Amino acid sequence: MNVANLQLEGLLMAVASINHLLVQKGVLTAEEIDLALRKTEAGETSQERSDGMSASSRDAVNFPIRLLGLANQCQPEADMPSFSKLARMVGKIKEPYNDQL
């Protein structure tokens, strides 16, 4: 596997752990984190941002946002799933973009 991919895996899991801790400490709620991630994904899938971008490129951009969203749903009582389990879950919940219908 590409070293950059491994670095991104580590970074994503670190951010997910920090989000988990922020909820546990009462700094943010899981709902606030979810809303922030949804807003980010909406911005990344906007017509202006994704014009001319292939579906696979949009999936690549949105993958980390969706992975963090799934990790956030485990808040705060559950253990964090592994990166590979979260990645599989992202693949299962992926929906087609409007221009793919």
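This is a predicted model: local features need pLDDT of at least 70, side-chain atom pairs count only at pLDDT 80 or more; totals for chains, interfaces and linings use all residues.
Local features need pLDDT of at least 70 and side-chain atom pairs pLDDT 80 or more, while totals for chains, interfaces and linings use all residues. Residues are numbered from 1 along each chain as its sequence is written, and side-chain values use heavy atoms, with hydrogens and water left out.

Select H2 (residues 30-44) and H4 (residues 55-72); helices are DSSP runs (H or I, at least four residues) numbered from the N terminus. Their axes come within 10 Å and cross at roughly 165°, which makes H2 roughly antiparallel to H4 (over 145 degrees; axes are lines fitted to C-alpha atoms over the stretch in contact, with angles from 0 to 180 degrees between N-to-C directions). Next show the contact residues (heavy atoms within 4.5 Å), including Leu 37 in H2 and Leu 68 in H4.

The axes of H4 and H5 come within 9 Å and cross at roughly 110°. That makes H4 roughly perpendicular to H5 (65 to 115 degrees). Among the residues in this contact are Phe 63 and Leu 67 of H4, and Phe 83 and Leu 86 of H5.

Now select Phe 83: beyond four places in sequence, this residue touches Glu 9, Leu 12, Met 13, Phe 63 and Leu 67.

Finally, color the largest nonpolar core, which has 15 residues (buried Ala, Val, Leu, Ile, Met, Phe, Trp, Tyr and Cys joined through side-chain atoms within 4.5 Å; buried means under 20% relative accessible area, 1.4 Å probe, protein chains only). H4 supplies the largest share, 5 residues.

Technical notes: Helices (H or I, at least four residues) and strands (E, at least two) are DSSP runs, numbered from the N terminus. Angles under 35 degrees count as roughly parallel, over 145 as roughly antiparallel, 65 to 115 as roughly perpendicular and the rest as oblique. Buried means under 20% relative accessible area, exposed over 50%, partly exposed in between (1.4 Å probe, protein chains only).
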